Amino acid sequence: MPNIGNLYIKLGSVWLVVGMVMGIAMGVAEDFKLAPLHAHINLLGFACHLLFGLAYKQWPELARSKIAVAQFWIFALATPVMAVGLYFTLQAGPAAPTIVGSFGLLIGAILFSFLVWTREASPALQAGRAGA
């Protein structure tokens with residue numbers, strides 16, 4: 001799999017543009033009913049993807065885990081599911097896609113947290129920390 005850190009940063013940059021275009025469109029139309037979606041796109045789409053990418057670049061040993069690959073795919077796929085679902089939910093549509101996407105995001109966040117907290121346990125990672 002290509003570099004997870006780079007992929008996360010590239011996805012984050014796409015979410016940044018989507019969030020900004022959406023914010024500008026809402027402002028021009030003076031219609032802010034989708035503001036919760038705009039916030040979620042910016043925070044979960046842009047900020048989380050960018051921060052995950054920076055973390056994986058700072059500690060590349062995190063990305064070597066199979067858990068990191070699963071975490072990437074779960075979070076990266078759950079983000080658009082949640083975003084599309086939230087769009088429909090805010091339009092009085094079904095909530096199921098929003099719920100499914102949100103649980104995917106939660107699982108991805110838990111996996112990321114697990115990777116960060118357990119990196120201390122690896123002797124190779126501790127040796128890498130000694131120079132940091």
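Which residue forms a salt bridge with E61? The partner is R119, with the closest N and O atoms 3.1 Å apart; a salt bridge here is a side-chain nitrogen of Lys or Arg within 4 Å of a carboxyl oxygen of Asp or Glu. The model is predicted, so local features need pLDDT of at least 70 and side-chain atom pairs count only at pLDDT 80 or more, while totals for chains, interfaces and linings use all residues. Residues are numbered from 1 along each chain as its sequence is written, and side-chain values use heavy atoms, with hydrogens and water left out.

Of its 132 residues, 30% count as buried; buried means under 20% relative accessible area, exposed over 50%, and partly exposed in between, with a 1.4 Å probe and protein chains only. The accessible surface comes to about 7600 Å², and 74% of this belongs to carbon and sulfur atoms; these areas come from the Shrake-Rupley method with a 1.4 Å probe, and for residues only the protein chains shown count as cover. Among contacts (heavy atoms within 4.5 Å) between residues at least 6 apart in sequence, 68% join residues at least 24 apart.

Helix α4 deserves a visit of its own. At the start of α4, a side-chain oxygen of S65 comes to within 2.9 Å of the backbone nitrogen of I67. Just after the helix, A92 adopts a positive phi of about 65°. The buried residues of α4 include F72, F75, M82 and L86, and the buried residues of this helix pack against α1 (4–29), α2 (35–58), α3 (60–63) and α5 (96–118).

Aromatic rings come next. Rings of Phe, Tyr and Trp (its six-membered ring) pair if their centres lie within 6.5 Å, with planes under 30 degrees apart counted as stacked, over 60 as edge-to-face and the rest as tilted. By this rule there are 8 aromatic pairs. One of them is the edge-to-face pair of F52 and F75, at 4.9 Å centre to centre and 75° between the planes. This pair links helix α2, which holds F52, with helix α4, which holds F75, across 23 residues. F52 is buried at 8% relative accessible area, and F75 is buried at 1%. Y56 and F112 also pair edge-to-face, at 5.7 Å centre to centre and 80° between the planes. Because Y56 lies in helix α2 and F112 in helix α5, the pair ties together parts that are 56 residues apart in sequence. Y56 counts as buried at 2% relative accessibility, as does F112 at 13%. Y8, F52, Y56, F72, W73, F75 and F112 form one aromatic cluster.

Back to the charged residues: the whole structure contains 2 salt bridges. R119 lies in the loop between α5 and α6 (123–130) and E61 in helix α3, so their pair ties together parts 58 residues apart in sequence. R119 counts as buried at 9% relative accessibility, whereas E61 is partly exposed at 22%. K33 forms a salt bridge with D31, again with the closest N and O atoms 3.1 Å apart, and D31 is partly exposed at 32%.

Definitions and conventions. Helices (H or I, at least four residues) and strands (E, at least two) are DSSP runs, numbered from the N terminus. A polar contact is a pair of N or O atoms within 3.5 Å; within protein, one must be able to donate a hydrogen and the other to accept it, and residues adjacent in sequence count only if both atoms are side-chain atoms.
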